Each structure stands twice: as structure tokens, then as C-alpha cells.
Amino acid sequence: MNEQFEPYHAEDLQPWETNYAMWIHLGALIAYVAAVIPSLGVAFPVPLIAALVLWLVHKHDSEFLDDHGREAVNFQISMCIFYMIAWVVGAMMFCVGYYITLPLVSIFGIVGCAMGAYAGKQGQIYRYPATIRFL
């Protein structure tokens with residue numbers, strides 16, 4: 001599905017909206033650094049919970065925040081699936097794959113969250129790559 005999105009302009013948005021959109025993505029990024037990476041991916045639902053809570057708080061206050069929150073939650077659900085696949089692939093490769101697949105998935109999650117945070121702060125719509133759109 002190829003949707004055309006009308007770009008938001010930073011002057012059309014309140015400063016709190018762009019700040020909050022940034023924190024929706026940064027909340028998941030902080031959860032990655034704090035919970036997922038030290039546990040080798042075992043705590044992969046933690047960033048999903050962070051993004052979901054931040055989205056639910058203000059999703060009715062702004063269409064811009066609803067869009068960023070929905071995108072962040074979809075990405076975190078996709079990341080949970082990617083982590084499960086990485087664990088299966090790692091197990092199939094006699095645990096050597098854990099040192100390959102889990103860091104790749106983690107780097108993908110960190111870079112995606114950082115790019116989403118930057119776009120949110122700039123007042124731009126952001127679409128994560130390789131994201132399954134559940135919501």
C-alpha cells in the first residue's frame with residue numbers, strides 16, 4: 001500500500017507536540033539501552049511497553065502525536081518479532097548466531113528509534129523501514 005502523506009510543518013505544530021513526538025521514540029530507545037542490550041534481547045517487550053504508554057497518553061490530543069505513536073508501536077511490535085526470529089536463527093546456528101543476529105537487530109532498533117526521534121523533533125512524519133503495520 002503506497003500512501004501519500006501530507007507533510008506537517010513545524011510552524012503548524014506546538015513545540016510540546018514535537019518534543020513529545022521525539023520522546024515517544026526516545027522512550028523506546030532508552031528502553032533498548034537499559035533493558036534489551038544488556039539482556040541479549042531477552043527483554044525485547046520493554047521498548048514496546050514504553051512506546052505504547054507514551055502513545056496512549058496523548059494520542060487523542062494531536063493527530064501528529066497519534067501518527068508518531070502508532071508508528072513507534074508498530075515498529076516495536078515488529079522488533080519483538082525480529083528478536084524472536086533472531087533467537088530461533090541463533091539457536092539453529094548452535095548459539096554462534098546469537099553473536100551475529102541479536103546485535104544486528106539491536107543496531108537496527110537503535111538507529112530506527114534515533115531517526116524517528118529526529119523526525120519527530122523536526123515536525124516531520126516518519127515511517128520506520130521493515131515495519132509491519134499492525135495498527
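## Ser78 inside helix 3

Ser78 is buried in this predicted model, its relative accessible area being 0%, where buried stands for under 20% relative accessible area, exposed for over 50% and partly exposed for what lies in between (1.4 Å probe, protein chains only). The residue sits in helix 3, which covers residues 63-92; helices (H or I, at least four residues) and strands (E, at least two) are DSSP runs, numbered from the N terminus. Once neighbours within four places in sequence are set aside, Ser78 is in contact with Ala130, Thr131, Ile132 and Phe134, contact being defined as heavy atoms within 4.5 Å.

Residue numbers start from 1 along each chain as its sequence is written, and side-chain values rest on heavy atoms, with hydrogens and water left out. Because the model is predicted, local features need pLDDT of at least 70 and side-chain atom pairs count only at pLDDT 80 or more, whereas totals for chains, interfaces and linings use all residues.

## Phe75 and its partners

Phe75 also belongs to helix 3 and is buried, with a relative accessible area of 1%. Apart from neighbours within four places in sequence, Phe75 is in contact with Tyr32, Phe108, Gly109, Gly112, Cys113, Tyr128, Pro129 and Thr131.

## Length and ends of helix 3

Helix 3 comprises 30 residues and reaches 43 Å from its first C-alpha to its last, which is close to the 44 Å expected at 1.5 Å a residue; the expected span is taken as 1.5 Å times one less than the number of residues.

## Salt bridges

The protein has four salt bridges, each of them a side-chain nitrogen of Lys or Arg within 4 Å of a carboxyl oxygen of Asp or Glu. In one of them, the side chains of Asp66 and Arg70 meet at 2.7 Å, N to O. These two residues are separated by about one helical turn, because they stand four residues apart in helix 3. An α-helix has 3.6 residues a turn, so residues three or four places apart point the same way. Asp66 is buried, with a relative accessible area of 18%, whereas Arg70 counts as partly exposed at 30%.

Glu71 forms a salt bridge with Arg127, in which the closest N and O atoms are 3.5 Å apart. This pair links distant parts of the chain, with Glu71 in helix 3 and Arg127 in the segment after helix 4, 56 residues apart. Glu71 counts as buried at 3% relative accessibility, while Arg127 counts as partly exposed at 24%. The side chain of Glu71 also meets that of Arg133 in a salt bridge of 3.3 Å, N to O. Since Glu71 lies in helix 3 and Arg133 in the segment after helix 4, the pair ties together parts that are 62 residues apart in sequence. Through salt bridges that share partners, Asp67, Glu71, Arg127 and Arg133 are joined into one network, in which Arg133 counts as partly exposed at 43% relative accessibility.

## A nonpolar surface patch

Ile85, Val88, Val89, Met92, Met93, Val96, Tyr99, Ile100 and Leu104 make a nonpolar surface patch of about 920 Å². The elements giving two or more residues to this patch are helix 3 and helix 4 (98-122), and helix 3 gives the most, with four residues. Patches are made of residues with over 30% relative accessible area and no salt bridge, like charges being joined within 9 Å and nonpolar side chains (Val, Leu, Ile, Met, Phe, Trp, Tyr) within 5 Å.

## The protein overall

The protein contains four helices and zero strands, and from the N terminus on its elements run α-α-α-α. Of its 135 residues, 44% count as buried. Among contacts with a separation of 6 or more, 71% are between residues 24 or more positions apart. The accessible surface comes to about 7500 Å², of which 71% belongs to carbon and sulfur atoms; accessible areas come from the Shrake-Rupley method with a 1.4 Å probe, and for residues only the protein chains shown count as cover.
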